[in-house]
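I opened this entry to keep track of what I looked up, one topic at a time.

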Amino acid sequence: YFIFILTTSFTVLNLLVGVLVNVVGLVASHEQDKVRALALRRHLYQAFATLDSDNDKLITQQEFGAIVQRPAMCKTLADAEVDCDSFIERMAQLYERHDAIAIPEILDVVLQMR
């Protein structure tokens, strides 16, 4: 009887350790995604703010065209697992309704496409 209790205790303990390891792994993965998204947001914000010719924090279609023609921008989007062509198409749809788009809105579009 004692061996059964001991074996059962170790089995339950191993099960709990397995669950704990799984939860810690999921939390770590989620936190890494948040850190990557924040870094991407900062990097893209700086890129858009630098090329905002009138410094109004709004990106016109002409300014956007100048930004996406830079190879570094498409590489940054590709590194973030965002298809550059799809992003340009999505932004073209938004520019059909708006003359200029705020930088944070553009960043939200990028993060949604990840």
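I started with the contacts of Phe48. Leaving out residues up to four places away in sequence, Phe48 touches Ile59, Phe64, Ile67, Met73, Ile103, Ile106 and Leu107. I note here that the model is a predicted one.

Next I looked up the largest nonpolar core. This core holds 22 residues, and Phe48, Phe87 and Met91 touch the most other members.

**Helix H1**

I turned to the helix at residues 2–50, H1. H1 has 49 residues. From its first C-alpha to its last, H1 reaches 72 Å, close to the 72 Å expected at 1.5 Å a residue.

Which residues of H1 are buried? I found Ala37, Leu40, Leu44 and Phe48 among them. Against what do the buried residues of H1 pack? I listed strand S1 (58–60), H2, helix H3 (71–79) and helix H5 (103–112).

I also checked Leu16, which lies in H1. Is Leu16 buried or exposed? Leu16 counts as exposed, because its relative accessibility is 53% and the cut-off for exposed is over 50%. From C-alpha to C-alpha, Leu16 and Glu96 are 55 Å apart in space, and they are 80 residues apart in sequence.

**Aromatic pairs**

I then went through the rings. A pair of aromatic rings is described by the distance of the centres and the angle of the planes. I have a count of 2 aromatic pairs. Phe64 and Tyr95 form a tilted pair, with 5.7 Å from centre to centre and 50 degrees between the planes. Phe64 sits in helix H2 (residues 61–68) and Tyr95 in helix H4 (residues 84–97), so this pair ties together parts that are 31 residues apart in sequence. Both Phe64 and Tyr95 are buried. I noted a cluster as well: ring pairs link Phe64, Phe87 and Tyr95.

Two of these names had come up before. Phe64 is among the residues that Phe48 touches. Phe87 is one of the core residues that touch the most other members.

**Salt bridges**

How many salt bridges does a search of the whole structure find? I get 4.

- Lys34 and Glu31 meet through their side chains at 3.7 Å, N to O. Both lie in H1, 3 residues apart, about one turn of the helix. Lys34 is partly exposed at 45% relative accessible area. Glu31 is also partly exposed, at 39%.
- Asp33 and Arg36 form a salt bridge at 2.9 Å, N to O. They are 3 residues apart in H1, so about one helical turn separates them. Asp33 has a relative accessible area of 34% and is partly exposed. Arg36, at 45%, counts as partly exposed.
- Lys75 pairs with Asp79 in a salt bridge, the closest N and O atoms being 3.1 Å apart. Being 4 residues apart in helix H3, these two are separated by about one helical turn. Lys75 is exposed, with a relative accessible area of 52%. Asp79 is exposed too, at 55%.

**Closing note**

I end the entry where it began, with Phe48. Phe48 is a buried residue of H1, and its contacts include Ile59, Met73 and Ile103.

Note on methods:
Residues numbered from 1 in each chain as written. Predicted model: local features only at pLDDT ≥ 70, side-chain atom pairs only at ≥ 80, totals over all residues. Heavy atoms only, no water. Phe/Tyr/Trp six-rings, centres within 6.5 Å; stacked < 30°, edge-to-face > 60°. Buried < 20%, exposed > 50% of the residue type's maximum accessible area, 1.4 Å probe, protein only. Expected span 1.5 Å × (residues − 1). Contact = heavy atoms within 4.5 Å. Core = buried A, V, L, I, M, F, W, Y, C linked by side-chain atoms within 4.5 Å.
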